[in-house]
Amino acid sequence: MATETLKTEENQKEDQGGSSDKASTSGIVSDVTTSKTKPEAARRQLSPFASVKLSVTLMSLMALTILIGAGCPQESQVGQAKVFEAFDRQTAEFLIRIGVSDIFHSPWFLALTATMTLNMIVVSFQRVFPKLWQYNKSLPFLRGQDIAKTSVHHILKFASATDSAQPATHQQAALLAELSQRLTKMGYKVKIDGLKLKGEYGKVGRLAPSTTHVGLLTLLLGVTITSWTGFNGFQPILLDEKLNFSDSQHSKLWIGKLPQWQVRVDGTRRENYSSGEAKQWFSKLTCVDDKGKVLHQGEISVNNPLTYEGVDIYQSSWGLAKLAISFNGHKRELDLNPMGKKYACFLPLDQDTVLIMSLTSEGQNLRLFAKRREWQAPKLISEIDAGKTIRLGDVDLKFEKVIPITGLQYKCDPGLPITYVAFGIIMLGVLLAAVPHRHVWVAIEQNMFYIGGNSRKAKVGFERSLDNLVQKLRGEFAFETDQIVDSAPSAKTQEEQNVV
Amino acid sequence: MSSDFQLVLTNTAGLSSVASFWVFVASNASKRFQSVTLKVANIVMLIGFIALTIAIITRGIEAQRFPLANLYESLLWFAWATMGGFLYLSRAYGIQQLGWLASLVAATMFLYGSWLPQSQHDITPLVPALVSYWRQIHVPPLIISYAMFFLAGLSGLLNLWQSGRLRSLAFCIGTIIAASSAIGLGTFSKVDTLWLQLLFVGSSIVGPFAAFRALGKIDPAIDQSQSSRKAAEMYDDVGYRCVSIGFPLLTIGIITGGLWANHAWGSYWSWDPKESMALVTWLSYAAYIHLRIQRELSAEKLSIVSVIGLLLTLLTYLGFNSLGFGGLHSYGKFK
Ligand code: HEM
């Protein structure tokens, strides 16, 4: 079977450390790259981590692991309760026990990541980056007989009055000039030497593997720096209280330092649409040191964080937390519960009666309701503005103030600039990988015209473009009708047919 | 509400994808008229493509926002990219059999979209979380990459056909039908999602495995023919081409998604299920690319890998929402 032969051939090449450009079948073409063969083979035997088979296996395992992680709710993201919601009790307990519900922190995932990193580093340095040295080596001009060995080629004979006569020199020169023009238009860099021509297309495509891999290694560096020194957390903070970073989360392997300063919430408010839905939340923050000295100030809102000493503080949620009231001068703070667009607290007066106090999110006036067991709905008793007092029976009830709470999310991501650079490099690298690297050679020898070349990727497109080119030349220059060697695929080796 | 003009254009595109499917199929009936019928099929497809392009632009103008905000609109984009991708490939490679498959996919997407409830068709204002210029940077590359991966998988099917691996081909087609049915049922019926997940995942494991096992069974009549070999080689190359266009787009889509997330809530990666699925797809195509470079697999095996890729793409794009895996990125519940 054709493909199996191919496979073993290729494997042999692998084992011998046969290098790089297997797509080029012409001996001369691969000469340029085979100079590296021996030392590379020696090095490769040293490292079992330099195998691409291993990397494909690792990538597949990684994909499978993440797939499982995507299918099971993750404790670290949504909490353990969700696992029990998604599965029956037994399954959930089983998944939690074997670590599937926190798969991205499991030893298996970490080991996989570590192996993949090692594999990528070794392969990058042993097999990918060394090829960069060949980047500026240009291939030689080829003779007709070598062109006939390239994977796509045409050989034509100039038509002439008498067979032995040389075709007119000016016709040959015109042909090369025409070809050069056409190839240049197609994006080739063309060089001419006498009656030989060579053209190269998409050389930058050769930078794709190195660029992408540099990007991936840079990404790993950025992520590692963050994981070793960064931290993050979330804390709901009452008005006038301070956020400190002692409850922040970070990885187990950590050599970072938590800030000594704290963040005081000097003000926080909510802005509504006319419908009463929240439009935006704001918090006025002040960073203070342990002696209370002001270090930095600013107002934050959603999507608009405050940054101080590498720590970003985000507005992430908002609410009214407590209601301060006084009964006959005795101050009390009651917890408020969010109830749709309103906040409320409940104060049982006796076995059958509850006092309900409710506020809108602006918190400007307090509505007092009473609810008795036998009543269908609570009854509105009174409304009080902030700071005002009313008399209820023999009690003076004063609405002191409402205390808002602001949810502050914070993070310190020292590797982020590196990660961003990595993102850029990776995007560039994978774009370069779409560029096919192609060579074309032309030679005119006696009354024969040779044109041929190869393309590592998009071979069929290359073949078609070359066919078209020859078709056009045939229209413009006098060639004999028959091609000397047919360039139909039957003329190609098995290997070429199956290898792209 | 969307205007009649836009509706007419969208329907034109939908109908022409159905029409081009039949003309492409019919082109196989007679060798004598083949080149003419193929030309007609391509033109019908081109008309649909142009109509859809204008429809999408019109929708954007009417909505006064970038017209890619819900599932329905993303399906229009997907169909658009599938048609456009095929038209490009047929010009560059002169391939034609991919035509009826591409038409079929586009038509299926139109149909799927038209069955969605009216709320999806209506032009509605965006929820606050989506109001960001990042949306138009993040989403289109993803949708277009999905379409490219679909075309790659379809080329894989044709490669299996032309190399005479009919049994493997049957397994692959069966799997794609089973997986698509799961998604259809998950979107439109009340069948328990657990069964549908099982149908999708089960068939995606069993089908490709059986296809690999069956590679040894070759129909010699097809395999030996000169033109089939040439065609098989071409579909192999076309599949790779689609992946090498789709992969950078997927990469850009994932990374810009991370930038958006970091901008919006301070973390570029949160292992959200859909995010994770995109990473799974990305890793799988990275594996495919490395297999290509190392040339360790035959074209037929790579074709089956590209079908697995198609299934993962389907799972990422439609499966995670419709099969009830949930997550942050759902287009909203509408059942
Ligand atoms: C896990 C470790 C990895 C190893 C061992 C590895 C190995 C390799 C090797 C040996 C090459 C061929 C270089 C050449 O032919 O010059 C290559 C190319 C490449 N790799 Fe990786 N790789 C790994 C991970 C990745 C990942 C995760 C990506 C994701 C983007 C990636 C993207 C690429 C690209 C885009 C190319 C160039 C492909 C082309 O030229 O068409 N690699 N890799």
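I began with Phe5(B) and found its place in helix α1 (residues 4-26) of chain B, where helices (H or I, at least four residues) and strands (E, at least two) are DSSP runs numbered from the N terminus. The model is predicted, and local features need pLDDT of at least 70, side-chain atom pairs count only at pLDDT 80 or more, and totals for chains, interfaces and linings use all residues. Residues are numbered from 1 along each chain as its sequence is written, chains are lettered from A and ligands numbered from 1 in the order in which they are written, and side-chain values use heavy atoms, with hydrogens and water left out.

I then looked up the fold of chain B, which has 12 helices and 0 strands. The radius of gyration of chain B, taken over C-alpha atoms, is 20 Å, close to the 20 Å that the globule rule gives for 335 residues, so chain B is as compact as a globular protein of that length; the rule is 2.2 Å times the number of residues to the power 0.38. I noted that the C-alpha trace of chain B spans about 60 × 40 × 35 Å along its principal axes.

Of the contacts (heavy atoms within 4.5 Å) in chain B between residues at least 6 apart in sequence, 82% join residues at least 24 apart.

Last, I returned to Phe5(B), which together with Leu46(B), Ile50(B) and Ile54(B) makes a nonpolar surface patch of about 360 Å². Helix α2 (residues 34-63) of chain B gives the largest share of this patch, 3 residues. Patches are made of residues with over 30% relative accessible area and no salt bridge, nonpolar side chains (Val, Leu, Ile, Met, Phe, Trp, Tyr) being joined within 5 Å and like charges within 9 Å; a salt bridge is a side-chain nitrogen of Lys or Arg within 4 Å of a carboxyl oxygen of Asp or Glu, and accessible areas come from the Shrake-Rupley method with a 1.4 Å probe, only the protein chains shown counting as cover for residues.
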